[in-house]
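Please keep the sequence and the 3D view open side by side while reading.

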Amino acid sequence: MKRAFKQRVTSALAERAAQGLTRKLVPLARQSGAQFVHQGQTYLHFSSNDYLGLATDPALITAWQEGLSRYGCGSGASPLVTGFHQTHQTLETLLCEWLGYERAILFNSGFSANQAVLFTLLQQDDLLLQDRLNHASLMEAGMLSAATMKRFRHNDAAHLSALLSADQTNMVVTEGVFSMDGDCAPLVALSDCVRHRAVFMVDDAHGIGVLGPDGSGSCAAVGIHPDLLVVTFGKAFGLSGAAVLCDRDVGDYLTQFARHHVYSTAIPPAQAYALSRAIEMIQREQWRRDKLQLLQGIYQERLGHVATALSQTPIQPLIIGSSERTLRVATALREQGIWVSAIRPPTVPQGTARLRVTLTAGHSEAQVRQLAMTLRQVMERHGES
Ligand SMILES: Cc1ncc(COP(=O)(O)O)c(C=O)c1O
């Protein structure tokens, strides 16, 4: 039996390697601003979700240090035992006031928040409708949930409308900004389509902090208010964790029944303290979003002709197609000291392997120009432009 188990593992690894899809962990020695050091070499970093440059911001580092001095390292327990501190409560209140909801329930990650919502709120006869490009955490949760899951065509409200069921409880889930394409969901059309017909949930992992007034995200940017809003803290907030925003009843229900909440150690109180500081910085420091706009303009001006899709967000994908060719271009960029991740199936659909370029407020104009110039040269050399 043990041999069969080992064989299962080794053959899955061999198959992945044969497809050229093996991924590697890359230990970073140090990171600061838009650069990191790996194996003694400094790279210019265009592969992070730290869109506002907060992850290494001295003010946020100080806030976390202050939190550690005041509240210690770990929360010590799950929220319903003794892991919920006043710093968590303050963070929840700030999120509710900022985003306009009655309740905010904290989770250790966006992955667990998404799983918790779909596992806890859906029942056997329900119909779950998801945009076909939704994140793996949503897709996997939907498949494992008690409900029947169907996918609607990407950003297609008419297709969604045709799939809604008149006899079942429907839940509709979309991302606000799609993580691998950087495009925005047609939230107004989707929201109109689901009105009185479905519970509507938006995962705004990549929109919060970046879009909308004071960085309040994709929904606020277009004036809609979904029933459930998921925001994650590992991207524009520069930290980690997540929250589900909802009304009082759903909040109480998740607090009681969401197993990822009930049976998991709460995020450290110092982290909650730092997250509250991050919210303040996101709201007040509009210059970070202005800088992103400026950098997006520079990038698109120089690379518009090779880009397959121009997005209005910091995520600027360059779809190459085959995994091998994408890896080749990414490797050539690394040789020039520029780190851009090659994103391959199964993260993206077959035949759409891409470089996922991400811009952050921590980049300088000169660094974006350097990226554009090097990328053009490398693409030309590899016959990709
Ligand atoms: C759209 C989306 N939702 C959820 C997640 C998961 O969030 P976390 O990294 O906090 O687990 C991600 C992560 O990349 C994401 O892109």
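T347 touches R23 and M180, not counting residues up to four places away in sequence, where contact means heavy atoms within 4.5 Å. The model is predicted, so that local features need pLDDT of at least 70 and side-chain atom pairs count only at pLDDT 80 or more, while totals for chains, interfaces and linings use all residues. Residues are numbered from 1 along each chain as its sequence is written, and side-chain values use heavy atoms, with hydrogens and water left out.

- Under the name "binding site", an unreviewed UniProt entry lists R23, H135 and T347; UniProt positions are given in the numbering used here, feature names are shortened, and annotations may be inferred rather than shown by experiment.
- Of these residues, H135 and T347 are included in the lining of the second largest pocket; a pocket is an open set of points on a 1 Å grid over the protein atoms alone, with protein on both sides within 12 Å along at least five of seven lines, and lining residues have an atom within 4 Å of a point.
- T347 lies in the loop between β13 (341–343) and β14 (353–358), and R23 is placed in the loop between α1 (2–18) and β1 (30–32); helices (H or I, at least four residues) and strands (E, at least two) are DSSP runs, numbered from the N terminus.
- The side chains of T347 and R23 make a polar contact at 2.9 Å, a term for a pair of N or O atoms within 3.5 Å in which, within protein, one must be able to donate a hydrogen and the other to accept it, and residues adjacent in sequence count only if both atoms are side-chain atoms.
- Leaving aside neighbours within four places in sequence, R23 is in contact with R16, R344, P345, P346 and T347.
- T347 counts as partly exposed because its relative accessibility is 39%, and R23 counts as partly exposed at 45%; with a 1.4 Å probe and protein chains only, buried means under 20% relative accessible area, exposed over 50%, and partly exposed in between.

- P346 is found in the loop between β13 and β14, and the peptide bond from P345 to P346 is cis, with omega near 10°.

**A further annotated site**

- UniProt, in an unreviewed entry, also places the feature "binding site" at G110, F111, S179, H206 and T232.
- These residues are spread over 123 residues of sequence, yet they cluster in space, with a largest C-alpha distance of 13.4 Å.
- S179 belongs to the lining of the second largest pocket, and its place in the chain is the loop between β7 (170–175) and α8 (187–194).
- S179 is buried because its relative accessible area is 6%, and, apart from neighbours within four places in sequence, S179 is in contact with H135, H206, I315 and R356.
- F111 lies in helix α5 (residues 110–121) and is partly exposed, with a relative accessible area of 40%.
- Not counting residues up to four places away in sequence, F111 touches H135, S137 and E140.

**The cavity**

- The count comes to 1 cavity of 30 Å³ or more, a cavity being a set of grid points where a 1.4 Å probe fits but cannot get out.
- About 100 Å³ of space lies in the largest cavity, and of the 13 residues that line it, P79, L106, H261, A266 and I267 are the closest to its centre.
- The elements giving two or more residues to this lining are α4 (86–99), β4 (103–107) and α11 (259–262).
- The lining of the largest cavity divides into 6 nonpolar, 6 polar and 1 charged.

**Positive phi values**

- Q39, in the loop between β2 (35–38) and β3 (41–45), has phi near 45°, a positive value in a residue other than glycine.
- H196, in the loop between α8 and β8 (199–203), has phi near 65°, also a positive value in a residue other than glycine.

Note on methods:
Points joined across faces, edges and corners; volume = space filled by probe spheres on them. Nonpolar A, V, L, I, M, F, W, Y, C, P; charged D, E, K, R; others polar.
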